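Student: I have a structure on my screen and would like to understand the words used for it. Could you take me through them?

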Amino acid sequence: MKDCLGGEALKNIQELGHSAEAYDTAKEKLDRKYGGERRRLKVVGERVKKLKPLRDEHAGDFEKFADVLDVVVSNLSHANRDYELKDGTLFDSIREKMTERMVKEYNRWCHDYKKDKSVITVREWVIRESQF
């Protein structure tokens with residue numbers, strides 16, 4: 001394992017030794033620090049932050065947006081973090097990437113179809129809109 005690592009990750013396990021127990025400890029330590037659910041969810045949040053604001057009349061923007069929303073919903077649902085998919089901070093971050101016209105259309109769609117505003121319904125709306 002040490003041959004495959006470098007930098008800070010290598011420093012974190014370098015003194016553990018070469019036994020089977022040391023190997024298991026190294027895996028646990030690396031997972032705690034660099035992997036696992038917490039890290040995966042952090043990456044998901046960073047993907048939303050890095051999204052460029054959508055532009056009207058750019059279909060490619062909508063498709064990329066839908067792809068990111070797929071990842072967000074999938075990862076949060078898998079982690080049993082459904083509460084983060086509701087109308088909250090993440091929802092606000094996603095909505096900020098949309099143009100004013102898109103937000104109005106999304107709000108109207110939610111009203112017309114009696115949908116709650118959430119990350120899940122934004123995803124549903126974006127997928128629907130990207131088809132047009």
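Tutor: Gladly; here are some labels and the values behind them.
This is a predicted model, in which local features need pLDDT of at least 70 and side-chain atom pairs count only at pLDDT 80 or more, while totals for chains, interfaces and linings use all residues. Residues are numbered from 1 along each chain as its sequence is written, and side-chain values use heavy atoms, with hydrogens and water left out.

Student: Why is Val44 called buried?

Tutor: Val44 has a relative accessible area of 6%. Buried means under 20%, exposed over 50% and partly exposed in between (1.4 Å probe, protein chains only), so Val44 counts as buried. Val44 sits in helix α3 and touches Val71, Val72 and Asn75, leaving aside residues up to four places away in sequence; contact here means heavy atoms within 4.5 Å.

Student: Why is Asp61 called buried?

Tutor: Its relative accessible area is 14%, so Asp61 falls under the cut-off for buried. Asp61 lies in helix α4 (residues 59-78).

Student: What makes the Asp61 and Arg55 side chains a polar contact?

Tutor: They are 2.9 Å apart. A polar contact is a pair of N or O atoms within 3.5 Å; within protein, one must be able to donate a hydrogen and the other to accept it, and residues adjacent in sequence count only if both atoms are side-chain atoms. The pair is therefore listed as a polar contact.

Terms used:
Helices (H or I, at least four residues) and strands (E, at least two) are DSSP runs, numbered from the N terminus.
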